[in-house]
Each structure stands twice: as structure tokens, then as C-alpha cells.
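Hi,

Here is the structure I promised to pass on. Have a look at it first, and then read my notes below.

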Amino acid sequence: MARLFLSYSRKDAARAQQLTDWLERDGHDVWRDEDDIGGGASFSSEIEKALNDCDAVIALWSADSVQSAWVRDEAGYGRDKGKLIPLSLDAIEPPLGFRQFQSINLSKWKGRGEPPNAERIRSAIARIANLPQGAAERRREPRAPLTMAFGRPLLVGGVIVLAAAAIVAIFLWQRWSGDRQIAIAVLPSPQSADKAMAADYANVAAADMAAVLPRKFDRASVIAPADAGGDASAYRMLISTDPHGAAVNASLTLSDRDGRTTLWSKNWSLPDASASDLKAEISASASKAALCLMDAKAGSSQLSQPALGLYLTGCTDLGESTRSNGDFVALFERVTKLAPGFGPAWDYLALGRSWIAEGLRGGSSPAYAPALQSARETIAVARKLNPNSAMSYDAEYHLISDDTFRGLQLLEEGAKVDPDDGRIQMHLSDGFISVGRMSDSIEAAQRGVELEPASPYVRSQYILALVYSGQFSKAKADIAEARKKWPKDPAIDLADFSFQFRYGDPRAALELLPGMTNSSDADMAPYRKFIAARLDPSRAKVDDAIAALKEGSRNDPRRRNTVLLALGNFGRVDEVYQLLEDPSFLVHVERGDLFRPDFAPVRADPRFMRVAARLGLVRYWRQTGYWPDFCTSERLRYDCKTEAAKYPG
């Protein structure tokens with residue numbers, strides 16, 4: 001197995017020993033300074049030798065270790081060599097220089113049995129140490145398969161319906177071990193009007209790219225501007241900047257080794273450069289384009305120039321909402337015709353066709369059946385050509401996304417195939433909310449952000465996970481940070497509105513409301529009345545808002561979720577249960593709504609378990625062993641498992 005270097009504070013020695021014991025039971029060779037430095041040996045030389053010899057550096061971050069210069073130095077070595085696996089003992093924020101790496105949370109582990117995130121730790125070790133496929137399999141007794149089939153509505157609180165094309169993120173590319181070295185030189189463009197600014201941007205982009213590429217592609221290398229002058233073997237990433245007053249124009253161009261053939265480019269034109277972090281945005285786009293290029297060049301398929309250009313265009317567009325679903329599919333249909341054996345293109349095509357089928361589901365369109373069949377056939381081809389990719393699982397998920405339990409099971413299968421697919425983590429976060437696993441939802445969303453730092457959609461899911469878990473201060477801070485990076489992004493707007501509308505500043509929600517929907521003023525009136533009731537929660541105002549929402553949902557039972565949310569928001573527990581007892585509504589309930597913070601009084605009532613049983617949740621909790629967070633984190637008048645036992649089956 002792997003040779004692991006464990007870096008920790010002496011004050012955490014007991015917990016370091018517990019982790020060591022578990023890792024050694026898993027078959028790994030763990031080096032700790034306390035155990036492995038012999039008498040008379042030079043302390044620093046032994047540590048340096050152990051760092052050089054190890055396959056991975058595991059850093060245990062804690063309130064004590066973040067203050068330790070030794071731990072920071074050892075973790076820095078692991079970071080710079082692409083061998084760092086950060087674990088968090090007490091949910092402390094890592095020191096500067098390490099915050100771009102998402103720590104695996106061990107704060108709830110008492111040292112007995114397996115850590116709660118054992119699967120993630122095994123996967124990280126297998127990935128960093130290049131262990132054979134299957135080495136990261138979790139050792140646990142099999143659970144009974146889930147066979148439930150319950151529908152999940154598509155509306156989110158009844159206010160916003162996002163097109164499937166909007167809820168996507170960048171594709172995370174699988175590792176490869178081909179013999180070819182692929183290098184990318186990052187340079188300021190000679191045509192740049194402000195060469196100093198372009199050089200600064202190029203240095204940042206090169207550093208960020210160097211931190212990302214080698215972790216995903218064994219033979220990838222990045223050449224910094226200072227070293228890129230005479231290397232004719234590298235692809236070239238040129239950055240040009242042209243500031244004029246407060247405004248700035250910029251461009252990013254990826255060219256072939258000859259420097260004359262443009263493979264891909266992107267342009268920016270900002271009237272106010274201070275309104276966004278352009279440097280970070282260009283850097284993220286450069287890494288994204290580089291990953292797409294690596295994916296295209298690393299495999300066995302040799303793409304022609306037209307196929308490569310089309311692939312880079314579509315690959316980098318994913319998550320940008322610049323194309324319709326139909327245009328996205330048409331582009332990758334062209335790529336698969338030009339390169340029929342190129343698996344990643346089939347992955348994208350499967351995803352696009354699944355969006356189209358999902359958009360037709362639930363209506364009476366005769367186009368749904370052939371669209372569904374087309375998506376399924378494409379998924380089968382993609383999975384055959386690219387079996388280690390989770391994207392085909394993402395595509396299949398969109399075909400059953402209205403089925404909470406089957407969808408969650410499929411996403412977990414996809415995460416097992418590729419734990420480093422950020423989009424799967426994003427969907428998992430949403431799925432965990434629907435079964436009350438709020439801590440797991442935040443953790444999956446954090447993992448998604450780590451893997452997809454350039455995706456506003458993944459970031460928006462992290463914000464929503466914080467909001468629906470009641471971590472409002474963190475959500476508010478993250479919204480402000482995301483706004484700097486994506487000042488006018490619709491996904492961040494939605495996350496901001498979702499927070500402000502129900503939990504934050506009602507006035508801010510009122511300003512955001514027109515941009516959230518294409519509805520008429522009359523259709524938005526119930527939501528304006530809800531906001532008015534939050535500003536003045538008098539009985540008359542609340543009654544007026546709820547009545548307006550009921551009227552608006554009269555002809556669409558799915559929109560009654562907006563009524564449910566309003567009743568929960570204003571603490572009307574008995575009216576919530578009256579609505580949940582209606583069989584005609586129960587099939588449309590969005591399960592995740594029941595685990596929001598304002599529904600705590602609803603969950604405190606023993607009647608909640610009866611509703612949960614009718615929604616299939618009790619069966620899920622019992623079969624999987626994953627009981628919802630509120631059973632241990634909230635003050636209840638009952639024991640969850642005892643109450644659930646009243647509803648067998």
C-alpha cells in the first residue's frame with residue numbers, strides 16, 4: 001500500500017496515534033517523528049528523508065497545528081510536490097497558503113472504528129499515491145439495496161425553475177498515465193498594451209495551473225513566464241491586457257506548439273475592472289482550458305484540428321450558460337462524428353441529451369420518448385468508452401432526478417467511480433439535503449468547490465447548503481466573496497435571493513426578485529406579499545401572504561410547496577401538518593424543505609416521523625443507517641429510532 005508521512009502538533013499526539021492505528025490496519029506504512037527517529041539521528045535530516053520517501057503527506061490541521069512552523073513546513077512540502085492530503089481535527093480553517101485544498105473533516109471521530117469520511121481518505125490516498133484501481137474500496141458489510149421509487153418535484157420553493165443547462169459545472173477530467181509529456185507555457189502576450197499587468201496575470205495563472213494540472217494528469221507540466229522563452233515543445237497560453245481608465249479589455253489565447261495555430265480563445269471587456277476579480281477569472285479560465293486540452297491530448301485518440309477546436313470550445317463552455325441545450329448537443333455530435341472513439345466527447349453528448357430529455361419529462365410532448373431513448377443509448381456508449389468517468393452517471397441522474405432515492409443512490413455510485421468529479425459532489429450535496437443529511441451536504445458542496453473552483457454553480461450549491469443548514473453568517477460571507485468573483489452571475493444571484501427571501505434581508509430580496517423570474521407582476525404579487533409579511537409579520541400580513549400563495553397554487557399542486565414553506569417560515573406548525581396530511585399534496589412534497597432551519601418546530605413534533613414514513617424517508621434511514629442530523633442536533637420530544645419503529649416497512 002502507501003508510505004504515508006503524518007504531520008501533526010505534539011498536542012494532538014493522541015488523535016494522531018488513533019489515525020495511525022487505523023491507517024496501519026488498512027495496510028499503509030505510516031511515518032511519525034515520535035516513532036521513527038532513532039537515537040542520535042538528526043531530527044531535520046530524518047524528517048527530510050521521510051518526506052522525500054513518502055507517497056503522500058497527511059497534515060492534521062487543528063487549532064494547535066496551524067500555529068506550528070514544523071507542520072506548516074511539512075504540509076508545504078506536500079503541497080508543492082502534489083502529495084498533500086489535509087485532514088481537519090476540529091474544523092479549524094487551514095493557514096494561508098493551504099486554503100485552496102479542502103480538508104477532510106475528522107472532528108466528529110472519537111477514534112473508534114472507521115472515521116466518518118473513511119471512503120474519502122482512502123480515495124485521496126489511492127489518488128495521490130497512484131495505488132491500483134480498487135485499492136480505495138471501502139471495507140464494509142453490504143447494505144440492502146434501495147428499491148423505493150418516489151417522485152421529487154422539480155420546483156425549488158415554487159419560485160424559481162432553473163433550466164437543466166444552468167445547473168452544470170466544469171467536467172473533472174480523469175487521471176491518465178500515458179508516456180507523452182504535455183507542457184503548457186504561460187506567457188504575457190507581446191501584443192498586450194500593459195505588459196506589466198499581463199505579466200502579473202500570467203504569473204498567477206501559471207502558479208494556479210501548476211497546482212491543478214499535475215494532480216489530474218501525471219505527465220502534465222506548466223512552464224512559468226520566466227522559463228518559457230525558448231521552449232518550442234510547449235503549447236502556449238497567452239494573456240493580453242489593455243486597461244483604459246477604470247475599464248479593461250483582456251484576452252486569453254491557447255495556441256499550438258508552433259504559436260501560429262489558435263486552438264481556443266476567450267475575451268473580456270469590463271467597464272469597471274474594480275467590480276470583479278479579473279485576474280482570478282482569467283486564471284480559472286486558463287486552468288479550465290488547460291484541463292480540456294490535457295483531456296483531449298492524453299488519451300489514445302488522435303483528434304484532428306477541427307475536432308480538437310470544437311472539443312475545446314464545448315468543454316470550456318460547460319458551466320458558462322452560453323449555449324442552448326440543442327446547440328451544446330449539436331456541437332458534440334460533430335465532435336463524435338469526427339472522432340467516434342473519443343470517450344470524453346461522448347460523455348458531453350450524453351450529458352447534453354439527458355438535459356433535453358429531462359426538460360421534456362412530465363409534459364405531453366411526443367418528443368420525450370425518443371429523447372429519453374437517445375440519451376440512454378448515448379450514456380451506454382460513453383460508459384463503454386470512458387468507464388472511469390462519472391459524467392455518464394451525471395447524465396443518467398438527470399433522467400431520474402425526480403426520484404429522490406434512486407437519484408441519490410446513482411450519484412453515490414458515480415462518486416465511487418470518480419471521487420474527484422465536482423459536479424457529482426454538487427448534486428450529492430443537493431441529494432443529501434433531501435434526506436436530512438445536512439452536514440454531509442455541506443461537506444459534499446465544499447468538496448465540489450475544491451474540485452471546481454471556477455464554477456459559480458458549484459459555489460452556489462455550497463451557499464445553499466450553508467443556508468439550509470442554518471449557517472447564515474457563513475452563507476452571507478460566502479455570498480459576498482462569490483459576488484467579487486462573479487458579480488452578475490445568475491447562479492450566485494439565485495443563492496443570494498434564496499437566502500435573503502426567507503432568512504436574510506427582505507429588502508434585498510425585493511430588489512433581486514425581478515431578476516429571478518420572467519413572470520408578470522401579477523404572478524410575482526404573492527412573493528411580494530410574503531416579503532411584506534417578513535417586514536411586518538403581523539397576523540393580517542401573514543394571512544394575506546399565505547392566502548395569495550394558496551391562490552397562486554390553486555391550479556398547480558406542485559406550487560403548494562410555496563405555501564408549505566411560508567407556513568413553516570411563520571411557525572404555523574398545525575397548518576403545516578394539515579397540508580402534509582393531504583394525500584394529493586404528499587406526492588409533490590419537496591423532501592428537502594422539511595429539513596430547513598425554520599422547520600425545526602415541525603420536526604420537534606412526533607407527527608414528523610409519520611410524515612417521514614409516508615415519504616419513504618424512514619425506510620431510507622433504516623436501510624442505509626444514515627439518520628438525519630436533526631435526530632442528534634435538535635431538542636426533540638421523542639427518540640427518532642423509537643418513533644420510527646412505529647412505522648415498519
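Let's start with a question: is Arg607 buried, partly exposed or exposed? Arg607 has a relative accessible area of 27%, so it counts as partly exposed. (Buried means under 20% relative accessible area, exposed means over 50%, and partly exposed is in between, using a 1.4 Å probe and protein chains only.)

Before going on, a word on where the values come from. This is a predicted model, where local features need pLDDT of at least 70 and side-chain atom pairs count only at pLDDT 80 or more, while totals for chains, interfaces and linings use all residues. Residues are numbered from 1 along each chain as its sequence is written, and side-chain values use heavy atoms, with hydrogens and water left out.

Back to Arg607. Its side chain meets that of Asp605 in a salt bridge, at 2.9 Å from N to O.

How many salt bridges does the structure hold? There are 36. Here are two more that I looked at.

One is between Arg353 and Glu333, with the closest N and O atoms 2.8 Å apart. Arg353 sits in helix α10 (residues 343-360) and Glu333 in helix α9 (residues 325-338), so the pair ties together parts that are 20 residues apart in sequence. (Helices are DSSP runs of H or I with at least four residues, numbered from the N terminus.) Arg353 is buried because its relative accessibility is 18%, whereas Glu333, at 27%, is partly exposed.

The other is between Arg614 and Glu581, where the closest N and O atoms are 2.6 Å apart. This pair links distant parts of the chain, 33 residues apart: Arg614 is in helix α26 (residues 607-614), and Glu581 is in the loop between α23 (573-580) and α24 (583-586). Both ends are partly exposed, Arg614 with a relative accessible area of 42% and Glu581 at 29%.

Finally, take a look at Tyr457, which lies in helix α16 (residues 456-468). Tyr457 counts as buried because its relative accessibility is 4%. Tyr457 and Pro490 are 33 residues apart in sequence, and their C-alpha atoms are 8.9 Å apart in space.

Cheers

Methods:
Helices (H or I, at least four residues) and strands (E, at least two) are DSSP runs, numbered from the N terminus. A salt bridge is a side-chain nitrogen of Lys or Arg within 4 Å of a carboxyl oxygen of Asp or Glu.
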